[in-house]
Each structure stands twice: as C-alpha cells, then as structure tokens.
Amino acid sequence: MSDTFPGAVEFDRSHIVAAILNVSIFAPVVLLFAYAGFSFGYIVSFNFFTMIAGYLWLIPFSVLTYDHRLAYVSIIISGLLFILPSLFITSPGRRHPPLSARAFDHLLSVMLLVGATVAAVGALYNFTPVGLSEIYRYRAELNFPAPLRYALGTTSNVLLPFAFAGFLERKLFGRAGLALLLLLLLYPVTLTKLTLFAPFWLVFLTLLSTWAPPRAATILSLLLPMLAGIVLFFAMRAGLFPLGIGSLYVGTVNSRMIAMPSAALEVYNNFFSEHPLTHFCQINLLKPFISCPYDEPLSVVMSKAYQLGAFNASLFATEGIASVGPLFAPLSALGCGLIIAIANRLSSGLSPRLILVSSGLILQALVNVPLSTNLLSNGAALLFVLWYVSPRAAATTTGKPLNRAKDEQQPAQARTMLSAG
C-alpha cells in the first residue's frame, strides 16, 4: 500500500495494534449482513463495508495531517446511515404491469442492437487495440462528443451487462455470448481496464450466483479475487509465478479495485480539510446554479495535488467529504442510502442472479465514482428502470428469489406470480 500510494500512507509495524482496534469498532456492523436478505443494497453495502474497513485500517499509517479523529467518527456514522436503509428497505413498491416475456426478449435484442451501434460509432472516433501498458498514453488523446461519451458509459455499464443477464435467465445463451463480445469490442474504443475485464467478470459472477446462494455469492465475489491476489503476491516473492502477469493482476484487482477506494477517502479527507468544499458543484446539472471553486474535475484536481494519478472516488468521498465536509457527510450518506433503497424496491421479486450479474459493472463504478455520476452518466438510473419493468415470471426462469430468512426459499409474492405464470 505504501508503495502504491506514496506520500499518503506509510507502513509502520508499531501501528498495527491501533489499526486492528480501528477496524474492530466497525466490525460488528457485519452482523447486519447475517440478518438482512439479499438485495441490490446488500451487494453495494457489503462492498462499501469492506471499503470503509480498509480506510479505518489505513488511518494509523497516514502521513497526512487532517483531523483523523473527526474523519474516523464521520466515516463510521456515514457507513451506518448508508447501510441501514440499503439493507432493510426492500419491500416492493406499487408496480404497473411488467413487460410480457415476449416484449422482454425484444427489449434485450434492442439492447444488443444499441450496443453494436454505439461500438461502431465509437470506433469511428477511436479504435486502438493496444496492451494495458499503453492505454494511458492513448486514452489521454480521446475526445468523444458528449452524447457519445454518455452512450458509451451507459452501454458498457448497464445495457450490455443487463442484456447478458437477461438472456441468461431466458436461456438464450448464444445471444448472451454476443452481449459479452460487444462488451469486449468496447475496449479498443474506450481503452479502459473495466471494459477489457468486464466479460470475464460477468462470467465469474454468473458462475458464483449459479453455484452459491446469493448472499454467499456476493461475499465471495469480493473475497475470492482478493485472496487470489494475496496468493499471487507471495508466489511472486517466492519466484513461483511470473512477475509480469502477477503484478498486473495484483495491481488491477488488489490495488485498483480494492485498495484505491479506501485510499481515496484518505486523500479526499486531507485535501478538503485545507481547501473549499464543492457544495455539490461537481455535479454537471448543478454547475450552472452553484459557484464552484474548481474549474477542473475532482479527479484531475486530486492528480495535481498528490501525484497519484487521476482518480475519482465513491459517494462517501465526493457527495460526502468533498461536498459537505466530514461533519455533515453522514447526512449525505443517508440520502444516498435511500436512493439505493429505491433501487431495492424497484428490483424486488427479480431473480437474485439477474440483479447480481446485471449490476456487476455498476457496482465497480459505485466504489470508484460518485453516485451522481453513476446515475446520470453511467446509466444506473436506467438500470433501476429496467429492473422495474422486467417481468418477474420471465426473469426468474432459472434463478431463486429470496426471503429475508433463507436464501433457498422464495418470497410468497414471487411464488404466487410464478404459479400464475
């Protein structure tokens, strides 16, 4: 960690006990996951729980000079106020008649057509099939028109993953494979690691959600990649695994996917303890109405301030720390948790596998990108609408809906709908 984020944290064995105590105070929150049933909020909350625990571990090793005590209390309260509504507001809302199975199939096919069109148009502006070591050099030169930039974000994060998950539930495996192929073709267009690894990630989530109960699949989706990176790290040190491949995996998964969101809280806390808050001016829709102290995106501001590369951060860092400061960040977290609770209600009754797989890429974006950006630019709001209109009987062809007590049982409402179908 100290090698990856120099100038922010520095490992010191004498602080290990303090780090353990920091995490242990927040650790009992994990009991909530044993009681709560599966939902979209369950997936998001578990990943945020891990991110917050990671940040609490980092605090004793911090070399930055902000008020660590205030930040410590703030992030714990923020985590609780986000997790509680995200886990426990799951009852279905009032629902208009959903799409028929036939209409649902047509909708999925339209998503494939849109995905192919967006990929083709994007390729007219950029199609550079280069290795991962070169993507940053070429990506700095990308300049997509705003409508295409939004279309690429929505297509890669929502439309194609949802089409893949939907076709799986309908047992249309050829079309599901086509969705993955289109997703892979977006890599030389966007030059992002997420689009390159997205097909493999979605297949991994599919296997997990097929073989394991939904709550266990959620936990394993984070635990297994992290453990694999730890094993590879020690294997490389022992000379048992190629350094290049192992470093690529550890750097992408353990560092970028898992450690970076926690480290971002460290950096944002320090920066905004010394600089003006944004008061949500980083949200494009609000910029015309709010005076903003920053002319550049926060990712660029952070890059110039800390020389750690351009990176965004989760809702706890942006809608929380950057926008209102650590004192009022818990209120912002509560508001964001209620938005996730709405998504729970819109997806209630769907197959757990459909929810887990279709949200697989949005989940990765949520821990690294502000909630507002995910809703508006990455298509999360559209995903919630798609869940709302999806037919429960059609979408649960192979999945097992849950109740709060047992993953293996389906709720009475979903059981009635299936019987009627």
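Which residues does D105 touch, not counting residues up to four places away in sequence? Select D105 and look: R170 and L172. Contact here means heavy atoms within 4.5 Å.

Before going on, note the ground rules. This is a predicted model, in which local features need pLDDT of at least 70 and side-chain atom pairs count only at pLDDT 80 or more, while totals for chains, interfaces and linings use all residues. Residues are numbered from 1 along each chain as its sequence is written, and side-chain values use heavy atoms, with hydrogens and water left out.

**Stop 1: D105**

Stay on D105. Helix α5 (residues 101-125) holds it. Helices are DSSP runs (H or I, at least four residues), as strands are (E, at least two), numbered from the N terminus. D105 is buried, at 17% relative accessibility. Buried means under 20% relative accessible area, exposed over 50%, and partly exposed in between (1.4 Å probe, protein chains only).

**Stop 2: P199**

Next, select P199 in helix α10 (residues 193-211). P199 is buried too, with 8% relative accessibility. Show L180, L183 and L184: P199 touches these, leaving aside residues up to four places away in sequence. From P199 to M302 is 30 Å, C-alpha to C-alpha, and 103 residues in sequence.

**Stop 3: the cysteines**

Select C281 and C292. They form a disulfide, with sulfur atoms 2.0 Å apart. A disulfide is a pair of cysteine sulfur atoms within 2.5 Å. Both cysteines lie in the loop between α12 and α13 (298-306), so the pair ties together parts that are eleven residues apart in sequence. C281 is buried, at 0% relative accessibility. C292 is partly exposed, at 28%. One disulfide is found in the whole structure.

Why is C336 too far for a bond? Its sulfur is 16 Å from the closest cysteine sulfur, in C281. C336 is buried, at 6% relative accessibility.

**Stop 4: the cavity**

Finish inside. There is one cavity of 30 Å³ or more. A cavity is a set of points on a 1 Å grid over the protein atoms alone, where a 1.4 Å probe fits but cannot get out; lining residues have an atom within 4 Å of a point. The largest cavity holds about 60 Å³ of space. Volume is the space filled by probe spheres set on the points, which are joined across faces, edges and corners.

Select its lining: Y55, A71, S74, I75, S78, L265, N269, F316, I321, P326 and A329. Helices α4 (68-88), α12 (243-271) and α14 (316-347) each give two or more residues.

Methods:
On a 1 Å grid over the protein atoms alone, a cavity is a set of points where a 1.4 Å probe fits but cannot get out, and a pocket is an open set with protein on both sides within 12 Å along at least five of seven lines; lining residues have an atom within 4 Å of a point.
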